[in-house]
Amino acid sequence: MSLWARAQQLPPESLQKVRAVYGEHFPIEVRHCLATWIENRIWTPEPEEQQRFFVEELVQEIHTHTELMLSPEMFVTKMKLIEAAKLFRMQYSHAPHELYTYMRRCLALEMEVIQSAMGTPYIAQPQTERKYSELITGLQTVRQKVNMASEEIRSLQANIESFSLQYHECLKNKGHINYLQQSGPMTNERRELEACLRVQIEEMERKLNALVAQINQSQMELVDHMKENITNLRQLQSQVLDEELIKWKREQQLSGNGVPMQSNLNTIQEWCELLADLIWSTRQQVSNVARINSKTIAELRQAHLAEMLDDMSKQVTSLLSTLVTSTFVIEKQPPQVMKTNTRFTATVRLLVGGQLNVHMTPPRVTVVIISEQQAQLLLKSDTQSGRGKQPVECGDILNNSGCMEYQPTSRQLSVSFRNMQLRKIKRAEKKGTESVMDEKLTLLFQSEFNVGGGELVFQVWTLSLPVVVIVHGNQEPHGWATVTWDNAFSPPGRVPFAVPDKVSWGQLAETLRIKFCSATGGDLSEDNLRFLAEKIFRTSLPLNSMELNSMTVSWTQFCKDALPERNFTFWEWFYMVVKVTRDYLRTLWCDRLIMGFIQKKQAEEMLAKCPPGTFLLRFSDSELGGITIAWVGEANEVFSLQPFTSRDLMLRSLADRILDLAQLQFLYPNVAKDDVFSKYYTKPENEMLKNGYVKPVLVTTLPPYMSASPAYAHSPDSHRNTPSVHSSCGTTVLQL
């Protein structure tokens, strides 16, 4: 948000302080009308030699701005700006750096007021905000030029009407002369009258010829101005649709992997509404000029003008068509891993629906599910020869139709599907090692919009992000593998739904980091990511991080090939770690009490140097979604407890299990366990339940041979380097 935009949101008393900053030397009207130019120019200090043209540039900017202020409501402001320009030139032409310094001081004072009122420091506009300011400025400039074109059309209409009156008056005089010549003998009186009439006709024809030349010139200038407006609108529309809206869609896709969204759809809607208003006005202007040209007398018609106007009409209608079809967007995507016979939701929205009054004839939207191949055919037919035949559905969706509704307060035209359900699915034939979880489908949203009271009809459609359909919960991990890879690595402008088969480790590592962080609230360190790299590559890695990040990982390595001596893949292991951390270990992970991503051998080497009772928490390599406790016994032997999974942690939290085990004294390297885990212990319930019973408590215990005596070191797995110990949960009763 610009500094001036922030200032306008201040409470009245603070806003009055801002007004006091500006006086006769720098009228507040200049600050308001040239806000973007002033801030872009003055944020960064300039050397004094660069400031010598500042006054002339400022005056020129003011004049440019005032030339576009045509409406009567802006007259007073326009006069104040013109006076300010004269004042600047008169007082500061000899010392432009003084005006530059004075304006910088005003901005600094303005910033102080804002920071004092809001309690937070104001940060100068980042590049994206400046870009948005430039976009708004561009739209406002085109609006002023469109208003100027309207004034020119009114002036042209007035000139044509004036020509018509004078032309018919001239014809009337010529008719009078003919009457004098044919109605009888020419007397002196008649000759004088005829001579007088001829003088009048000559004068009229001279004025008419001048008016014809003026009208012809006005028509060509008007056409040039409308052409320029159409060109500017095309550029601005491309910036909004091809850059900002596409960026929003990409952010929406990445948000499926946990990336926070930066773009705001409501802001994009504001731009699209401005575009829709300007394009529609320009289209009306072209139609008006064409109508005026067709109804004028033959002497005023220019042969090529009708052809030019027809071409412009097609161009501006094409712009409107692109705007309407491109702004039919899925505001809330359906779930990307979709289970059959399970309710799901989605919301679609037309960003220009309110501006173009589409809601006057409420459009109905239907939803069908189609295959990747059908999506490709749909895009191909739409690109080549307009809308092709209706795509073949590959499933049956319940409650798949709804009417768009307009909300006046938010100016949003949208429809929310709250009770859709996929009843059945028809699978495509599989090739090689493909599974049903590799198959990507998509939801097709379709509608028809009437614009201008039925003057224009647009067939619109949009595709959802790729969807993987599952029928059982155990298919969910692989389904999310397909979706995660697609969300992260789909190239811009791809054919549905092409993705690379290989990516760099740096790209995948960032995807895994974001996925983990968004689910658990805690980040992954460089050591954590290196551990994941070792697991997926299954080989020694280069020490140089740049070399490591440039190594390529294939889709097969990611989620197809089983890990060594395991019956699960890298992704299945990582997915279950994320799930158990999110559901049961979130706070412990965020407090950095879980080391987690560390190999068993490395954990033993670290613990072997520690006193008995030292322990650490790591994710199991052998048990999906398991977390194990490794600790040092009394004989300095390292033990690992059988991993706890979500089934275990559902019954008793990890912190309580650590409390249960007296053998665990210090969290690695030497932190007393109660100092860090006590706030997570479950408080004991000493009250009797309402039904008169005492609630039992589950307590984690080690087997009898793991007693406090040194003999417990001889576990049943003593032939292994790293003994594993089973724990059990006994039930105790609270003492009354």
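Analyst: We begin with a definition: a salt bridge is a side-chain nitrogen of Lys or Arg within 4 Å of a carboxyl oxygen of Asp or Glu. The model shown is predicted. By this rule it has 27 salt bridges.

User: What is the general idea behind such pairs?

Analyst: Side chains of opposite charge can pair when their charged atoms come close. In this structure, one case is Lys 80 with Glu 29, where the N to O distance is 3.3 Å. Lys 80 belongs to helix α6 (residues 75–92) and Glu 29 to helix α3 (residues 28–33); the pair links distant parts of the chain, 51 residues apart. Lys 80 counts as partly exposed because its relative accessibility is 41%.

User: Are Asp 486 and Lys 440, which also form a salt bridge, buried or exposed?

Analyst: Buried means under 20% relative accessible area, and both Asp 486 and Lys 440 are buried. Their salt bridge has an N to O distance of 2.8 Å. Asp 486 sits in helix α13 (residues 476–489), while Lys 440 is in the loop between β8 (412–425) and β9 (441–451), so the pair ties together parts that are 46 residues apart in sequence.

User: Which residue forms a salt bridge with Lys 679?

Analyst: The partner is Asp 591, with the closest N and O atoms 3.0 Å apart. Lys 679 is in the loop between α22 (673–677) and β19 (696–701), and Asp 591 is in the loop between α18 (570–590) and α19, so parts that are 88 residues apart in sequence are tied together. Lys 679 counts as exposed, at 61% relative accessibility, and Asp 591 as partly exposed, at 34%. Salt bridges can also share partners: Arg 31, Glu 39 and Glu 110 are joined into one network in this way.

User: Now the helix faces. Which residues of α19 are buried?

Analyst: In helix α19 (residues 600–607), the buried residues are Ala 603, Glu 604, Met 606 and Leu 607. They lie on the same side of α19 because they cover an arc of only 165° around the axis.

User: What do the buried residues of α19 pack against?

Analyst: They pack against three strands: β14 (614–619), β15 (627–632) and β16 (638–641).

User: Last, the surface. Which residues make the nonpolar surface patch of about 290 Å²?

Analyst: Patches are made of residues with over 30% relative accessible area and no salt bridge. Here Phe 75, Val 76 and Met 79 make the patch. Met 79 lies in helix α6 and counts as partly exposed, at 34% relative accessibility.

Technical notes. Residues numbered from 1 in each chain as written. Predicted model: local features only at pLDDT ≥ 70, side-chain atom pairs only at ≥ 80, totals over all residues. Heavy atoms only, no water. Buried < 20%, exposed > 50% of the residue type's maximum accessible area, 1.4 Å probe, protein only. Helix = DSSP H or I, 4+ residues; strand = E, 2+ residues; numbered from the N terminus. Arc of directions from axis to C-beta. Contact = heavy atoms within 4.5 Å. Patch = residues over 30% accessible without salt bridge, like charges linked within 9 Å, V, L, I, M, F, W, Y side chains within 5 Å. Areas by Shrake-Rupley, 256 points an atom, 1.4 Å probe, with all protein chains shown as cover.
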